[in-house]
Amino acid sequence: MMRIDKYLADMGQGTRSEIKKLIRSGRVMVDGETVKKPEFKIDETTQKVSLEGKQIGYAKKEYYMLYKPAGVISATKDDRDKTVLDLITDKKRNDLFPVGRLDKDTEGLLLITNDGELAHRLLSPKKHVDKVYYAKVQGKVDESDVKAFADGVDIGDDTPAKSADLRILKSGEESEIELTITEGRFHQVKRMLAARGKPVLYLKRVRMGNLPLDPALEPGTYRYLTEDEVESLRNF
């Protein structure tokens, strides 16, 4: 059982104080009956709640796959820049957050959820969850770079980056690569490539764990994860 004011606050319908005023003014109904007490308890799994005539369904956990575009920051809120949560326009929960982060100018797969346990599992250094990136870089990438990445590149931290799998897609004045890492250090991919004299021109995350970026998504769009996808992430 859950208090009606908490139910509506969890679903992003306002602050607790704002919601209490709405309830006391008779704008909230449960199973067709007006409720005027914020402490009124309901079964969130079976009862129907409406606010000002609009039904408000309950979701304990939400999972979104977002194709993060460049120019948007990986944060829950910001006074200057648009955030990844601003792009999720039909979310029910108000406690969503991005799992990890992508730089402002980096595109690609970002998981948005309120499942802290899953986020911890995916980001834990002990789990070594793969993160795969596609990049365009300045300069010719060759087998010496592949070996250096496999050995662990010194990026100026106390310890070198862990072994990473560098796959050359195109080699030339501007090269294209796919890079798989298992860490999440600050600006790690850019720092690794810069250490080899190959500054990044474009960067996009294409997979996290066993979850690939849906090719049907365009930058700035998103979709719910399927139950199978959520389960596969939990079992990774």
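Reader: Buried means under 20% relative accessible area, exposed over 50%, and partly exposed in between, using a 1.4 Å probe and protein chains only. On that scale, is E52 buried or exposed?

Author: E52 counts as exposed, because its relative accessibility is 54%. The model is predicted, so local features need pLDDT of at least 70 and side-chain atom pairs count only at pLDDT 80 or more, while totals for chains, interfaces and linings use all residues. Residues are numbered from 1 along each chain as its sequence is written, and side-chain values use heavy atoms, leaving out hydrogens and water.

Reader: Where is E52 found?

Author: E52 is in the loop between β5 (49-51) and β6 (54-55). Helices (H or I, at least four residues) and strands (E, at least two) are DSSP runs, numbered from the N terminus. E52 also has a positive phi of about 50°, although it is not a glycine. Most residues other than glycine have a negative phi.

Reader: And what about H128: which loop holds it?

Author: H128 lies in the loop between α3 and β10, and has a positive phi of about 55° without being a glycine. H128 counts as partly exposed, because its relative accessibility is 37%.

Reader: Is S124 buried or exposed?

Author: S124 is buried, since its relative accessible area is 12%. S124 also belongs to the loop between α3 and β10. Its C-alpha atom is 8.8 Å from that of E183, 59 residues apart along the chain.

Reader: Changing topic, how many residues line the largest pocket?

Author: The lining has 28 residues, and R101, Y133, E183, G184 and R185 lie nearest the centre of the pocket. A pocket is found on a 1 Å grid over the protein atoms alone, as an open set of points where a 1.4 Å probe fits, with protein on both sides within 12 Å along at least five of seven lines; lining residues have an atom within 4 Å of a point.

Reader: Which elements give two or more residues to that lining?

Author: They are α3 (116-123), β10, α5 and β13 (200-208). By class, the lining has 12 nonpolar, eight polar and eight charged residues. Here Ala, Val, Leu, Ile, Met, Phe, Trp, Tyr, Cys and Pro count as nonpolar, Asp, Glu, Lys and Arg as charged, and the others, Gly among them, as polar.

Reader: Now the largest nonpolar core: which residues touch the most other members?

Author: Those are I112, F149 and L179, out of 29 residues in the core. Elements that each supply at least two residues of this core include β9 (107-113), α4 (143-151) and β12 (174-181). Such a core is a set of buried Ala, Val, Leu, Ile, Met, Phe, Trp, Tyr and Cys residues joined through side-chain atoms within 4.5 Å.

Reader: What is L179 in contact with, leaving aside neighbours within four places in sequence?

Author: L179 is in contact with K131, V132, Y133, F149, A164, D165, L166 and V189. Contact means heavy atoms within 4.5 Å.

Reader: How about T106, with its neighbours within four places set aside?

Author: T106 is in contact with K68, P69, A70, K190, L203 and K204. T106 sits in the loop between β8 (97-98) and β9 and is buried, because its relative accessible area is 2%.

Reader: Lastly, how many helices and strands does the chain have?

Author: The chain has six helices and 15 strands. Along its principal axes the C-alpha trace spans about 70 × 35 × 35 Å. Of the 236 residues, 44% count as buried.
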